[in-house]
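This report covers strand pairing and aromatic contacts in a predicted model. Keep the structure open while reading.

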Amino acid sequence: TYRSSLKTRVTVQDHWYTPHFVFRTPIVREQIAVAAAASDPEAQRWLGWPQGIVVNEPERSRELRITPGTGSARTLATPGHEGLVVIDAAARRVAGLVTVSPKDTGTADIGVVLAPDYRRRGYGSELFGAAAIFAHRHLGIAVVDAGTETTHTASIRALSAAGFVAPEGPTPDTLPNGRTIDALWFRHSVDESTMCEGPQPID
């Protein structure tokens, strides 16, 4: 089994911290901001969401300017996965999202979204590393996988930098909008995983 060599430090509190970001359960307005962060054409080239859930302009730009922690304190459950909003506390901005989607096999798929202003700055590996720690140390999941298109070189570099093991070869995969791609599924695993309460939804 691959042993974790992640250098990202994540504390077990109501919030998780890495060198540049704070991670916590998103409230309603932040979830909308995260959707906006992934709705630009560059992100959708890789994500392939159905058009009905893509946030278009001018709402997209408006949502990316919100201040985290404002608006209703309610959280919305997202069936099938756990998500943490990524916050740039210094700039008071929503920077992205990490998700962990458990599978019946006992493993999980993880996903990462970065808002446009936070791309190409080396943050991808920090988010992938945080998602792996979240799964291993707080959700009790020892093995996580992350898929990326074979031509998505930035994602491949970030996964490798975060300690994910490269696959032997690509496999076909279908995006939510129906587009078929050649995907590489990277894996990160630990010998022992732990479960903790982690951040709790706000009623």
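## Strand pairing around E3

Strand E2 (residues 22–24) and E3 run antiparallel, joined by 3 bridges. Val-22 has Ile-87 as its bridge partner in E3.

E3 also pairs with strand E4 (residues 93–102). These two run antiparallel as well, with 7 bridges between them. Here Leu-84 is bridged to Val-98 in E4. The hairpin of E3 and E4 has 4 residues between the strands. In that hairpin, Arg-92 takes a positive phi near 55°.

## Burial of E3

Strand E3 spans residues 82–88. Of its 7 residues, 6 are buried, so the strand is largely enclosed by the rest of the structure.

## Aromatic pairs

The structure holds 4 aromatic pairs. One of them joins Phe-21 and Tyr-123: the ring centres are 4.9 Å apart and the planes stand at 80°, so the pair is edge-to-face. Phe-21 sits in the loop between strand E1 (16–17) and E2. Tyr-123 sits in the loop between strand E5 (108–114) and helix H4 (124–138). The pair links distant parts of the chain, 102 residues apart. Phe-21 is buried at 3% relative accessible area, and Tyr-123 is buried at 11%.

Phe-128 and Phe-164 form a pair with ring centres 6.2 Å apart and planes at 65°, so this pair is edge-to-face. Phe-128 lies in helix H4 and Phe-164 in the loop between helix H5 (153–161) and strand E7 (171–174), so the pair ties together parts 36 residues apart in sequence. Both Phe-128 and Phe-164 are buried.

## Aromatic cluster

Phe-21 and Tyr-123 belong to one aromatic cluster with Tyr-118.

Terms used
Residues are numbered from 1 along each chain as its sequence is written. This is a predicted model: local features need pLDDT of at least 70, side-chain atom pairs count only at pLDDT 80 or more; totals for chains, interfaces and linings use all residues. Side-chain values use heavy atoms; hydrogens and water are left out. Buried means under 20% relative accessible area, exposed over 50%, partly exposed in between (1.4 Å probe, protein chains only). Two strands pair if DSSP finds at least two bridges between them. Rings of Phe, Tyr and Trp (its six-membered ring) pair if their centres lie within 6.5 Å; planes under 30 degrees apart count as stacked, over 60 as edge-to-face and the rest as tilted.
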